[in-house]
Amino acid sequence: MKMATFTHGQPSPSLGDAKLGRPMFIEIIEKKFEYLRKEKTLNIYGTMVFGTTAGFSGMLANFIFRHCFKVKHDALKTYTSLTTLPFLSTVVAYKLFVTDALYSGNISKENCVLRSSLTGIICGVLYPTALAFSKNGHLAVKYHTVPLPPKGRVLLYWLTRCQTEIKAMVIPLVFQMLFGIFNGLQHYAIFESTLEKTVHED
């Protein structure tokens, strides 16, 4: 059986070294937690702002189609759903397709920006536009605020009637696309900066 031996002059681990190493390790862990906390706060703030812009886009779409269909009923109900649903869908979609993918390390900078802009376009413009069109079209038929479409040409009739109003949604479309690009770039930069800091501390 072999036993550990220490020759004269050979350095051996001391209690003082262990005491010095422990505070340094704790300090590194605290710094990492601080970096992650700051990154999480900035990411949540950016995602909430992104969702809020989608909510405003929903409000605009609802206003446009209520005016197009001359609907006066259920204003509070439609505005509430057209603000809340785009907000929630944008926040959830951004977390699933951008934030979670970024932390898993499976996407590049270009992919992050693309996913962010697509989230803004789909959840922040196309979805609220379709939702406002559907809800207010249903109310228009229910309360007979506009002439009913001829049989067999229902969708074409509604689209023709609202083509000018639909074109107005190009403004939030461009805004959501640009804001999505900006948000994706900023999110990726924050993630990369935090990663570099934690690696440097190691």
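This is a tour of selected residues, stop by stop.

The model is predicted: local features need pLDDT of at least 70, side-chain atom pairs count only at pLDDT 80 or more, and totals for chains, interfaces and linings use all residues. Numbering runs from 1 along each chain as its sequence is written, and side-chain values use heavy atoms, with hydrogens and water left out.

**Stop 1: aromatic pairs**

Colour Phe, Tyr and Trp. A search of the whole structure finds 10 aromatic pairs. Rings of Phe, Tyr and Trp (its six-membered ring) pair if their centres lie within 6.5 Å; planes under 30 degrees apart count as stacked, over 60 as edge-to-face and the rest as tilted.

Select Phe65 and Phe133. Their ring centres are 5.7 Å apart and the planes sit at 80°, so this pair is edge-to-face. The pair links distant parts of the chain, 68 residues apart: Phe65 is in helix H1 (residues 15-69) and Phe133 in helix H3 (residues 109-143). Helices (H or I, at least four residues) and strands (E, at least two) are DSSP runs, numbered from the N terminus. Phe65 and Phe133 are both buried. Buried means under 20% relative accessible area, exposed over 50%, partly exposed in between (1.4 Å probe, protein chains only).

Next, select Tyr103 and Phe191. The centres of these rings are 5.6 Å apart, with planes at 80°, so this pair is edge-to-face. Tyr103 belongs to helix H2 (residues 75-104) and Phe191 to helix H6 (residues 170-201); the pair links distant parts of the chain, 88 residues apart. Colour by accessibility here. Tyr103 is partly exposed, at a relative accessible area of 41%, whereas Phe191 is buried, at 16%.

Now show Phe50, Tyr94, Phe175, Phe179 and Phe182. These residues form one aromatic cluster.

**Stop 2: the nonpolar cores**

Return to Phe65 and Phe133. Both are among the residues with the most contacts inside the largest nonpolar core, along with Phe69, Ala140, Trp158 and Cys162. That core has 17 residues. A nonpolar core is a set of buried Ala, Val, Leu, Ile, Met, Phe, Trp, Tyr and Cys residues joined through side-chain atoms within 4.5 Å. H1 and H3 are the elements that give two or more residues to this core. H3 gives the most, with 6 residues.

Centre on Ala140. Leaving aside neighbours within four places in sequence, Ala140 is in contact (heavy atoms within 4.5 Å) with Phe69, Val71, Thr145, Val146 and Trp158.

Another core lies apart from the largest one.

**Stop 3: Thr78**

Select Thr78, in helix H2. At 4% relative accessibility, Thr78 counts as buried. Display polar contacts (pairs of N or O atoms within 3.5 Å; within protein, one must be able to donate a hydrogen and the other to accept it, and residues adjacent in sequence count only if both atoms are side-chain atoms). One of 3.3 Å joins the side chains of Thr78 and Arg66. A polar atom of the Thr78 side chain also lies 3.0 Å from the backbone oxygen of Ala75. Not counting residues up to four places away in sequence, Thr78 touches Asn62, Arg66, Asn136 and Leu139.

**Stop 4: positive phi in the loops**

Go to Lys70, in the loop between H1 and H2. Lys70 is not a glycine, yet its phi is positive, about 55°.

Finish at His144, in the loop between H3 and helix H4 (154-161). His144 has a phi near 55°, a positive value in a residue other than glycine. At 58% relative accessibility, His144 counts as exposed.
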